[in-house]
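Subject: Structure handover and notes

Dear colleague,

I am passing on the structure we talked about, and I would be grateful if you could read the notes below alongside it.

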Amino acid sequence: MKQVNVNVHQVSRVEGHGNIVLNAKDGKIEELRWEVTESPRLFEAMFRGRYYEDVPHIASRICGICCIAHTTASIQATEAAFGIQPSEQTLLLRRLLYNAEILESHILHILFLAAPDFLGVGSVFPLVETHKDVVVMALRLKKLAYNLAELIAGRKTHPISCIVGGFAKLPDLGELKAIRGRLENALVDLDTTVELFRTLSIPDFNRETEYIALKDPKEYAFISGEIASTDAGIAPLSNYLEVTNEFCVPHSTAKYTKNKRDSYMVGALARFNINHEQLLPRAKRAAKELGLSAPCHNPFMITAAQIVESVHVVQDSLNIIDQILARGLAEEDNTVKVRAGRGIGAVEAPRGILFHDYTYDDNGVLTKANCIIPTNQNHNNIQKDMEGLVPLILSQPEDEIRHTLEMLVRAYDPCISCSAHSLKVTFK
Amino acid sequence: MKPKVAFFDFTGCEGCQLDALNLEGEELLDLLNAVDIVNFREVKTEREDSYDIAFVEGSITRESEIPRLQKIRNQAKVVVALGACACIGGINCLKNHLPMEDALRIVYGEDAKYYDTIPARPADAVIPVDYYVRGCPPTTAELLKVIKALLLGKKPDIPSYPVCVECKMAGNVCVFERGMTCLGPVIRAGCGAICVTSGRHCWGCRGLVEDPNVDSEKDILQKYGLTVEQVVEKFKIFNTYAEVTK
């Protein structure tokens, strides 16, 4: 009689707090749960009654990793409510700033959080001894992303200059030119990252699900477009509630979502599956070298999709900087005219599609807010993946099962603090 | 023996911990030569129950977090509050304006009964705190400065004057001159006035200076035709806890 009991309290190397529970006896699963135990933050309640210009500043604090995503979604929702169409210059700067966050967040996950699993250690710290060049490269890439964001918005964590209507301060062209060279070098570092990951063995586990991401006919969508689903096609942003269908699960975790099936996936792999044709050439090449081709149904390949996107955003940033250097930057009038109304903002946060939905009164004071967070949309899919994966690995030693399940959770790069609304869990 | 350093997160965005990783290659190597990082769940799997210096991030927003924080206090020789949430309660306290039941209902509707939450508070509302690394987020430079001072057994030298001093040094045009409200005159410096330098105003994330010159702030407001209410609204974003407990 074989018993398997895996109980990982607070999975490490993920953002926020979540547990894995597995109890099996004689090859039969008795209990298998992905549980989220983050404290409720109640952001929607905090937004209420705030003047519009404070709202993106507060929204940023939902998450320390994807603060630019929350700030951008928040600004877009507010602009939509007020009927503001940002200038071309603002959109270029926003995309450049956004690229910095995608790069920073992906590098953090690929090289600091996921890589130790593949290299058989418990954190990045022992790698300082064994793989010093990789650690130094990881810190270099992270610092570059940080400095790029700093140049556009004053700071990476909790950006300052990006505001409703535009930018409170414009970057210096000379500094943009200077960082361009570092971005060129980053492409070389990312080649090294591709090489490193090519040599690692990825668990072979495929489970098809519904994939949802923003889609924009003009470009690989991060901060524009409509809602695309591999099952249901394209829907306007105004339909986001029908796509996400949030529901509470009292016995266990955070708010869950589902659309056409039991669950769906958002994030780098969902974006890749939906928008891969719009990747820039160098990113397409990286995908090929990593053996990533669409459609890919292996959640462990999320990390590979993140590497591909890292290449894409660096190349896109080089293109944007060239455009800015050619056209110059002009001081613009950022005056905002408030009006009563509702607006929806949607972006692809590093971990997937993110919605902010605000209603303002005619003084520009927020009266109602709703935020739907990528990680909450993935919780249900993580659960379904575990249910698919565990029967395949149940004969393995308990430690290996635990490790594979932790790797699965980490592959999703969950960002649980973001789960602006999440539940308390009671243990048996 | 190298001192053992532990990082613990309570309720917050975890941005402070992440920024702590924002070191240059050599800085990280130097740091790891000087200390043993024994607890850092965000980036590290192994955990230890024995440590000398504990960095505590986030505010306290659940009953269950209180005994956890007390245990850390009993274990550590030095407790450092890291970031605005731990130092002054921070943004999480915005929900304290509402009765908890109402705040929960706004977010969760009918399912509000499943949630455990208490009014948010800073670490030192629960335990004695030895040092503060302020800001939302704190700067990596200040964090390193505090670690270095602790290793040398010295008191970290953190400014106690208001943001206006650094803002003048940065050569910024005064925010009031630009027709906006600013908290700079009463908020602790140490950030280099980064928000004003980046085109905005001071939001107050480092908390009040020890003896804020409130009359002088009122004079400034009057001079520029602004009201106390406007400033208080801005002040609440990070300092609701100080405002409510006063």
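The notes that follow begin with conventions and confidence and then go through the two chains.

This is a predicted model, in which local features need pLDDT of at least 70 and side-chain atom pairs count only at pLDDT 80 or more, while totals for chains, interfaces and linings use all residues. Residues are numbered from 1 along each chain as its sequence is written, and chains are lettered from A and ligands numbered from 1 in the order in which they are written.

As to confidence, the average pLDDT (the predictor's confidence in each residue, from 0 to 100) is 90 for chain A, with 93% of its residues scoring at least 70. Over residues 418–428 of chain A, however, the pLDDT is below 50, although this stretch has 40 contacts in the model beyond near neighbours in sequence; two residues are in contact if their C-beta atoms, placed from the backbone, lie within 7 Å.

In chain A, an open sheet of four strands has the order 8-7-6-9, with mixed pairing. Strands here are DSSP runs of E with at least two residues, helices are runs of H or I with at least four, and both are numbered from the N terminus; two strands pair if DSSP finds at least two bridges between them. Strand 8 (233–235) and strand 9 (264–265) of chain A are at the edges with a single partner strand each, so one side of each has no neighbour in the sheet. Strand 7 (residues 226–229) of chain A pairs with strand 8 of chain A in the antiparallel sense over three bridges, and A:Ser229 has A:Gly233 in strand 8 as its bridge partner.

Elsewhere in chain A, strand 11 (residues 352–360) and strand 12 run antiparallel and are joined by six bridges, with A:Leu366 in strand 12 as the bridge partner of A:Tyr360. These two strands of chain A form a hairpin with five residues between them, and A:Gly364 in the turn has a positive phi of about 80°.

Chain B has 10 helices and five strands, and 48% of its 246 residues count as buried. Its domain assignment, which is automatic or from a database, gives domain 1 (4–151) and domain 2 (163–245). In chain B, 17 residues of domain 1 are in contact with 14 residues of domain 2, and helix 4 (residues 84–88) gives the most to the domain 1 side, with three residues.

Within helix 3 (residues 65–75) of chain B, B:Glu65, B:Leu69 and B:Ile72 are buried. These residues cover an arc of only 55° around the axis (taken from the directions from the helix axis to the C-beta atoms), which puts them on the same side of helix 3 of chain B. On the other side of that helix, B:Pro67, B:Gln70 and B:Asn74 are exposed. Strand 1 (4–9), strand 3 (53–57) and strand 4 of chain B are included in what covers the buried residues of helix 3 of chain B.

Strand 4 (residues 78–82) of chain B contains B:Val80, which is buried, with 25 other C-beta atoms within 10 Å. Not counting residues up to four places away in sequence, B:Val80 touches B:Ile53, B:Phe55, B:Val56, B:Asp130, B:Tyr131, B:Val133 and B:Val146.

With best wishes

Note on methods: Buried ≥ 20, exposed ≤ 12 C-beta atoms within 10 Å, placed from the backbone.
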